[in-house]
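Trainee: Can we go through this one together? I'd like to start with the ligand and then work along the chain.
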Amino acid sequence: MEKIDLIKKMLESDPENAEMWCLLGMEYAAAGRVNDSMLAFSEALKTCNDDMKLKISQELVKLTASMGKMQNESNVDRGSYISLAPEEENDKEQDSEQQDSDHKIVPFDVIQGGRVEKGSDFETAPTIAFEDVGGLEELKETIRMKIIKPFVNQGLFDKFKKKVGGGLLLYGPPGCGKTFMAKATAGECKANFKPVHITDILDKYIGESEQNVRNIFATARARKPCILFFDEIDSIGFNRAKLSSEHLRPVIDQLLTEIEGIDSNTDKLLIIGATNMPWDVDPAFKRPGRFDKMIFVPPPDKKARAVIFKLKLQEKPITEMDFELLANKTELYSGADIENVVEAATENVISEIMKTGFEREINMKDMLTAIDNTRPSTIEWLKTVKNYVKYANQSGLYNDVENFLSKNKSI
Ligand SMILES: Nc1ncnc2c1ncn2[C@@H]1O[C@H](COP(=O)(O)OP(=O)(O)OP(=O)(O)O)[C@@H](O)[C@H]1O
Ligand SMILES: [Mg+2]
């Protein structure tokens, strides 16, 4: 267990190190601690890059396959919350828990993961709305037409016998607002919002993962109106042709069946998916009635960047800002990159104030220094997608990306 302790120690000082979380997941898996391993992988998924996401998906597939084999073993480890405390204390805690529970076997519940109660991760009408999202005007209009209007104005669609439903699949480089936009959509519709992650679905018992899928949809129907948001859908709906294990297939099939079974007239249930890797999503998800509209969420253009700077600085003490100049200096920056610039500038000003004792506002120079110290994080993704556009765009799936790239020759 020494290696596990060592990794946990390193994670204490660097809790967002995806590689370390992934390593911890692999060590736990090797030690047969399946549920701890899953939780570690799910932590890794939060901050990892695309290459690692693929690797983690494969590790998760292996893990779930091994779960099946463990099904009949009586010595089931409990779904414990990964603690970064030393292993010894953990063991003691588990020993006393073991006595308390009088060797009751409690199956591991992936949704709970020891952190949240089942069902409690529903968010009621998120407080963000479209006005909090900078730019992406075309996307807002599509969502208004395809989701919000049918959702709040169903009578009109009934009258014209216009079928509503189906889902939106948002794709694009990291940090450009896919998750943010989905939340804002739920805010606009005044609907419940349920983000679904791979760890909400996978379970070590055969058949349980499919049951989890059914439960998620049943709970969402019970909480209508509701938007189910499948973030990182490539990790759940991984292309079946590329899957090396048979284990995920029934889960994907169940998911497709549930999605197809949505009757938007009565269910008041909508689905939005998001991914950085649309090419890894099973094509069956992209058929009519499922995620039938793929929408590219690009890095913000100049006008949108100025708006995002304004939004992110609006509650901070600032001197007069030249938002146009800030936008000019941040080509290809994502919304998250802009947020980082603002945070870095804020941090610098605060630490200066603490040193000098002289309070001042954030000024243009602080912002430009922060920009000089950062680079856009979207370039790597755009370079990858360029190859897909070149070699795998026969069906026109990536036409929006092609347009974007043709306007940004520097990539
Ligand atoms: N258009 C935008 N307007 C305002 N803020 C934005 C915008 N885009 C991104 N942000 C900010 O960046 C943060 C990260 O964005 P978000 O999580 O939505 O990115 P994402 O596209 O889902 O990325 P990933 O692919 O990594 O999941 C948001 O919480 C938000 O604060
Ligand atoms: Mg996201």
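Trainee: Where does ligand 1 lie?
Mentor: Domain 2 (123–294) and domain 3 (302–372) both give residues to the shell around ligand 1, so ligand 1 lies between them. The domain bounds come from an automatic or database domain assignment. This is a predicted model: local features need pLDDT of at least 70 and side-chain atom pairs count only at pLDDT 80 or more, while totals for chains, interfaces and linings use all residues. Residues are numbered from 1 along each chain as its sequence is written, and chains are lettered from A and ligands numbered from 1 in the order in which they are written.

Trainee: Which residues come nearest to ligand 1?
Mentor: Pro174, Gly177, Thr179, Phe180 and Gly335, out of 19 residues around the ligand. A residue is near a molecule or strand if its C-beta atom, placed from the backbone, lies within 6 Å of it.

Trainee: And which elements give two or more residues to that shell?
Mentor: Helix 8 (178–189), helix 14 (302–313) and helix 16 (335–356) do. Helices (H or I, at least four residues) and strands (E, at least two) are DSSP runs, numbered from the N terminus.

Trainee: What's the shell like by class?
Mentor: It has 10 nonpolar, 7 polar and 2 charged residues. Ala, Val, Leu, Ile, Met, Phe, Trp, Tyr, Cys and Pro count as nonpolar, Asp, Glu, Lys and Arg as charged, and the others, Gly among them, as polar.

Trainee: Stepping back, how many helices and strands does the protein chain have?
Mentor: There are 19 helices and 6 strands. Of the 411 residues of the protein chain, 39% count as buried. Buried means that 20 or more other C-beta atoms lie within 10 Å of the residue's own, exposed means 12 or fewer, and partly exposed is in between, with C-beta atoms placed from the backbone.

Trainee: What about contacts in the protein chain between residues at least 6 apart in sequence? How many join residues at least 24 apart?
Mentor: 77% of them do. Two residues are in contact if their C-beta atoms, placed from the backbone, lie within 7 Å.

Trainee: Now helix 1. Which of its residues are buried?
Mentor: Ile4, Ile7 and Lys8. Seen down the axis of helix 1, the buried residues fall within an arc of 100°, so they line one face of the helix. The arc is that of the directions from the helix axis to the C-beta atoms.

Trainee: Which exposed residues does the face turned away from that buried side carry?
Mentor: Glu2, Lys3, Lys9, Glu12 and Ser13. As background, an α-helix has 3.6 residues a turn, so residues three or four places apart point the same way.

Trainee: And aspartate 5, where is that?
Mentor: Aspartate 5 is in helix 1 too. It counts as partly exposed because it has 16 C-beta neighbours inside 10 Å. Aspartate 5 and leucine 24 are 19 residues apart in sequence, and their C-alpha atoms are 9.3 Å apart.

Trainee: What about helix 3, how many of its residues are buried?
Mentor: 12 of the 14, so helix 3 is largely enclosed by the rest of the structure. The buried ones include Asp36 and Glu43. As for length, helix 3 (residues 34–47) should span 20 Å at 1.5 Å a residue, and its end C-alpha atoms are 21 Å apart, which agrees. The expected span is 1.5 Å times one less than the number of residues.

Trainee: Helix 18 next. Which residues are buried there?
Mentor: Trp381, Leu382 and Val385. Their directions fall within an arc of 90° seen down the axis of helix 18, so they line one face of the helix. These buried residues pack against helix 19 (399–407). On the other side of helix 18, Lys383, Asn387, Lys390 and Tyr391 are exposed.

Trainee: Last one: what does isoleucine 233 touch?
Mentor: Gly273, Ala274, Thr275 and Val281, not counting residues up to four places away in sequence. Isoleucine 233 is in helix 11 (residues 233–236) and counts as buried, with 28 C-beta neighbours inside 10 Å.
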